[in-house]
Amino acid sequence: MAKRVAVIDIGSNSVRMIIYEKTSRFAFHILHEAKSRVRISEETYQNSGNLQDIPMQRAFDALENFLSIIKSFKARKTLCIATSALRDAPNQKDFVNRIKHSLGLNIKIIDGQREAYLGAVACANLLPEQKNALSIDIGGGSTEFSLINKQDIKLNISLNLGTVRLKELYFDTNDIDGAKKYIDSQLTQLDNINVSSIIGIGGSFRAISNAILNSSSYPLKKLHAFEPDYNEFIEFLKKILVANEDELKKLGIKANRVDVIKPGAMILLRVFKKLNINTLISSGVGVREGVFLSDLLRTSKNKFPANYNTSVSYIIDLHIDNKAYSNQISSVAKKIFDLTYEYLNIDKQYRYELAIAAKLCLSGNSLHYYSHNKHSYNLIKDALEFGFTHKQIILIATLAKYAKRKLPSSSHIDKFGDLLPEIQQLNALSYLLSLSVALLSHQPRNIDFTISFEENILNIKSKNSLYLAKENISKLENLNNLTIKILTEN
């Protein structure tokens with residue numbers, strides 16, 4: 001697979017482009033993205049689905065510019081797909097052929113089930129593990145659903161139900177009852193589906209989640225993997241349906257989505273009414289990421305290897321110079337955790353977050369050595385994007401921030417308290433990471449000490465003096481109930 005890959009998604013409402021760069025076999029990051037609200041489906045639904053000249057020209061101009069950007073980044077592969085508006089259009093070939101002959105771009109029109117599957121591939125691989133969940137991707141012309149259980153994807157469904165379609169057929173004439181009846185008739189295809197959670201992919205869900213997130217005191221302003229309160233979300237949808245344009249903007253709905261947010265809100269309300277769910281999760285990824293991943297993972301059944309995380313690998317690839325040392329810190333941290341977690345009353349589940357924090361705590365060195373803790377914290381908080389809950393991200397970032405330092409500050413705990421473990425466990429985890437770093441102060445080629453634990457004493461035995469380790473351990477803010485004893489073997 002090419003190191004740099006561009007993906008273009010021609011939707012009914014917007015055309016989007018994203019450029020990815022691989023940093024190793026399965027690790028990647030985003031180099032650039034662009035979006036244009038060309039609304040290629042404008043006025044198609046009153047014209048037997050035919051694409052109209054002005055929207056097609058807008059799309060042509062956007063694609064021409066996208067290809068210029070792709071060329072500037074020297075991407076070696078461009079994958080371009082089109083969804084509802086083009087697959088429904090009797091004159092689709094006119095547009096596709098024009099783009100191919102004039103711009104040299106091949107557009108692949110995918111069917112609704114494939115569209116649903118691609119969105120689900122992104123969610124199954126890039127969200128924290130989901131069980132018995134239904135993804136919903138509300139587009140301009142269609143809405144897609146997929147059942148996701150862990151990394152398994154089943155029952156991909158596509159309905160002729162979209163925000164632009166509903167706007168032009170019902171909302172523009174204020175036929176709200178007609179819109180409800182049409183939505184419900186389409187949703188009969190969800191009969192007998194039993195799920196416990198909804199994964200929101202499309203622009204409507206993201207716009208609403210963003211508005212709720214930005215108006216709240218929630219401490220992490222990150223949409224991907226944000227879990228809005230179900231009842232709060234329902235009330236927000238109801239406010240949208242009765243709001244005028246100015247009120248929608250005050251609610252936090254961006255101007256470019258104001259005219260289609262009500263159809264999106266109504267679809268969501270009718271879906272929620274039909275299904276007995278209690279959990280919502282916002283996905284920052286969708287069809288574009290699914291297109292990329294289906295290419296990246298084509299030899300592994302569209303799944304990452306077991307126990308692999310692409311965001312962790314990306315940070316290590318680009319920001320950890322001494323990978324062997326990073327792995328040693330993680331190994332020692334896990335060993336100490338296994339020996340002490342019961343004594344220190346730490347939940348066993350936090351072993352994973354401690355191990356990741358240990359691997360990544362030196363990542364800030366790549367930006368500025370003397371403030372590396374701060375940079376490690378910010379890098380992890382921002383770039384540890386995929387496969388983690390918000391609680392995991394904040395815990396890992398916090399442990400990295402205070403590695404080799406004092407225990408987490410009260411101001412930090414006050415800010416992120418709702419996302420962090422209770423203070424006793426947090427302090428214990430923080431101390432274990434700092435202790436692991438201190439024990440490896442001399443950066444041996446191979447770990448040159450053994451660790452054992454009896455009562456409240458952690459015994460470190462080595463043939464070497466561990467002089468720097470002793471000095472650095474003495475600087476740590478100790479846990480009152482844990483004693484460190486370093487013994488030099490003769």
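Is the crossing of α6 and α10 left-handed or right-handed? It is right-handed (a crossing is right-handed if the near helix is turned clockwise from the far one by less than a right angle, and left-handed if anticlockwise).

Before we go on, a word about what's on screen. This is a predicted model, where local features need pLDDT of at least 70 and side-chain atom pairs count only at pLDDT 80 or more, while totals for chains, interfaces and linings use all residues. Residues are numbered from 1 along each chain as its sequence is written, and side-chain values use heavy atoms, with hydrogens and water left out.

**Stop 1: α6 on α10**

Select residues 176-186, which make up helix α6, and then residues 258-274 for α10. (Helices are DSSP runs of H or I with at least four residues, strands are runs of E with at least two, and both are numbered from the N terminus.) The two helices pack at an angle of about 50°, with their axes 10 Å apart. Axes here are lines fitted to C-alpha atoms, for helices over the stretch in contact, and angles run from 0 to 180 degrees between N-to-C directions. That angle makes α6 oblique to α10 (under 35 degrees counts as roughly parallel, over 145 as roughly antiparallel, 65 to 115 as roughly perpendicular, and the rest as oblique).

Now show side chains: Ile176, Ala179, Lys180, Ile183 and Asp184 of α6 meet Met266, Ile267 and Arg270 of α10. Contact means heavy atoms within 4.5 Å. By class, this contact has 5 nonpolar, no polar and 3 charged residues (Ala, Val, Leu, Ile, Met, Phe, Trp, Tyr, Cys and Pro count as nonpolar, Asp, Glu, Lys and Arg as charged, and the others, Gly among them, as polar).

**Stop 2: α8 on α10**

α8 passes α10 in a left-handed crossing. Among the residues making the contact are Phe233, Leu237 and Leu241 of α8 and Ile261, Met266 and Phe272 of α10. The contact divides into 13 nonpolar, no polar and 2 charged residues.

**Stop 3: along α1**

Select residues 53-72, helix α1. Its 20 residues should span 28 Å, and its end C-alpha atoms are 29 Å apart, which agrees (the expected span is 1.5 Å times one less than the number of residues). Its buried residues include Met56, Phe60, Leu63 and Phe66 (buried means under 20% relative accessible area, exposed over 50%, partly exposed in between, with a 1.4 Å probe and protein chains only). The buried residues of α1 pack against β1, β2, β3, β4 and α3. After α1 comes Lys74, whose phi is positive, near 60°.

**Stop 4**

Click Gly364, in the loop between α14 and α15. With a relative accessible area of 0%, Gly364 is buried. Leaving aside neighbours within four places in sequence, Gly364 is in contact with His372, His375 and Ser376.

Next, pick Ser135 in strand β6. Ser135 counts as buried at 2% relative accessibility, and the residues it touches include Phe145, Ile148 and Ile201.

Finish at Glu289 in helix α11. What is its relative accessibility? At 7%, Glu289 counts as buried. Residues touching Glu289 include Ile18, Tyr20 and Leu126.
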